[in-house]
Amino acid sequence: MAGPDPELAAKLQPDVPHAARIWNYWMGGKDNFQSDRAAGDAVAEVYPEIVVMAQQSRVFLERTVRYLAAEAGIRQFLDIGTGLPSMQNTHAVAQGIAPDSRIVYVDNDPMVLVHARALLASTTSEGVTTYVPADYHDPEKILAEAAQTLDFDQPIAVMYMGVMGYEPDLDVVRSIVGRTMDAMPSGSHLVFWDGTNTSPAVVAGAERLAQSGGVPYILRSPQELESCFDGLTMVDPGLVPIPLWRPDAADAVGIDAYGAVARKP
């Protein structure tokens with residue numbers, strides 16, 4: 001793999017905790033700096049379950065993409081706010097089931113962009129994997145660039161995986177999701193999960209994250225998250241703690257993160 005773009009590398013700011021790198025640390029990855037590890041440890045001191053949440057978020061991604069590719073017949077995926085690469089990324093799961101799947105990743109984090117080449121290099125010969133450097137606050141730009149790879153006459157799975165907590169205004173979140181899904185054809189799906197304010201410990205963890213210099217993460221109620229699916233038809237079992245969405249194990253237990261998959265009529 002070629003070396004990182006010098007301009008992107010200069011924007012990494014290793015002394016400032018960053019959300020994607022903190023999440024990478026909680027998931028057991030190595031693409032993080034001391035500032036990220038310190039912030040991550042500070043949160044884990046008051047909310048140890050954050051490590052479980054990070055790991056379960058990847059399991060949720062795997063299960064939902066597997067469902068979409070194998071059962072719903074989706075062959076196009078728009079993963080917005082993808083974060084740092086890890087095991088079983090969206091394209092790996094989708095193309096493992098349907099090699100001709102087309103995936104567009106979207107992120108604006110410089111460290112994510114440095115690693116984007118690894119994702120692009122591991123795509124199948126039949127499929128396509130591309131990367132759009134953009135902020136989820138600009139869905140029109142995302143849609144315009146994604147249209148160079150995806151066919152907007154065919155169903156697309158739009159994915160927002162744990163990223164909307166960084167937007168403090170719920171109305172803005174609803175607007176972003178709504179504008180994106182409005183552009184999708186019938187049969188498209190929305191996959192969405194975020195952290196929830198469903199225990200005192202997770203609320204304390206979010207407070208500690210902000211105190212440690214990380215970007216504040218806004219925890220919302222499950223009812224608030226459910227409003228982001230307005231106009232869509234929920235796939236069973238609906239909005240539930242992410243380990244309980246079609247779990248592979250019978251002994252799965254809930255955490256303070258809710259997610260769902262919904263279909264556009």
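Val 16 lies in the loop between helix H1 (6–9) and H2, where helices are DSSP runs of type H or I with at least four residues and strands are E runs of at least two, both numbered from the N terminus. At 40% relative accessibility, Val 16 counts as partly exposed, a class that falls between buried (under 20% relative accessible area) and exposed (over 50%), as computed with a 1.4 Å probe on protein chains only. This is a predicted model, in which local features need pLDDT of at least 70 and side-chain atom pairs count only at pLDDT 80 or more, whereas totals for chains, interfaces and linings use all residues. Residues are numbered from 1 along each chain as its sequence is written, and side-chain values use heavy atoms, with hydrogens and water left out.

Apart from its neighbours within four places in sequence, Val 16 is in contact (heavy atoms within 4.5 Å) with Arg 21, Ser 35 and Asp 36. The C-alpha atoms of Val 16 and Ser 101 are separated by 36 Å, the two residues being 85 residues apart along the chain.

## Packing of H2 against H3

Helix H2 (residues 19–26) packs with helix H3 (residues 34–46) at an angle of about 65°, and their axes are 9 Å apart; axes here are lines fitted to C-alpha atoms, for helices over the stretch in contact, and angles run from 0 to 180 degrees between N-to-C directions. The crossing of H2 and H3 is right-handed, the term used if the near helix is turned clockwise from the far one by less than a right angle, with anticlockwise giving a left-handed crossing.

On the H2 side, Arg 21, Ile 22, Tyr 25 and Trp 26 take part, and they meet Ser 35, Asp 36, Arg 37, Ala 39, Gly 40, Asp 41 and Val 43 in H3. By residue class, this contact contains 5 nonpolar, 2 polar and 4 charged residues, where Ala, Val, Leu, Ile, Met, Phe, Trp, Tyr, Cys and Pro count as nonpolar, Asp, Glu, Lys and Arg as charged, and the others, Gly among them, as polar.

## Packing of H4 against H5

The axes of H4 and H5 come within 9 Å and cross at roughly 35°, again in a right-handed sense. In H4, the residues Leu 61, Glu 62, Val 65, Arg 66, Ala 69 and Ala 70 meet Thr 90, Val 93, Ala 94 and Ile 97 in H5, and the contact divides into 7 nonpolar, 1 polar and 2 charged residues.

## Salt bridges

The structure holds 7 salt bridges, each defined by a side-chain nitrogen of Lys or Arg within 4 Å of a carboxyl oxygen of Asp or Glu. One of them joins Arg 66 and Asp 248, whose closest N and O atoms are 3.1 Å apart, and this pair links helix H4 to the loop between strand S7 (240–241) and strand S8 (257–263) across 182 residues. Arg 66 is partly exposed at 35% relative accessibility, whereas Asp 248 is exposed, with a relative accessible area of 58%.

Asp 100 and Arg 75 form a salt bridge through their side chains (3.9 Å, N to O), connecting the loop between helix H5 (90–97) and strand S2 (102–107) with the loop between H4 and strand S1 (76–80). A further salt bridge, between Glu 140 and Arg 179 (2.8 Å, N to O), ties helix H8 (residues 139–146) to helix H9 (residues 170–182); Glu 140 is partly exposed at 43%, and Arg 179 is partly exposed at 32%.

## Backbone features

A cis peptide bond, with omega of about 10°, joins Asp 236 and Pro 237, and Pro 237 is placed in the loop between strand S6 (233–234) and S7. Arg 246, although not a glycine, has a positive phi of about 45°; this residue lies in the loop between S7 and S8 and is partly exposed, with a relative accessible area of 31%.
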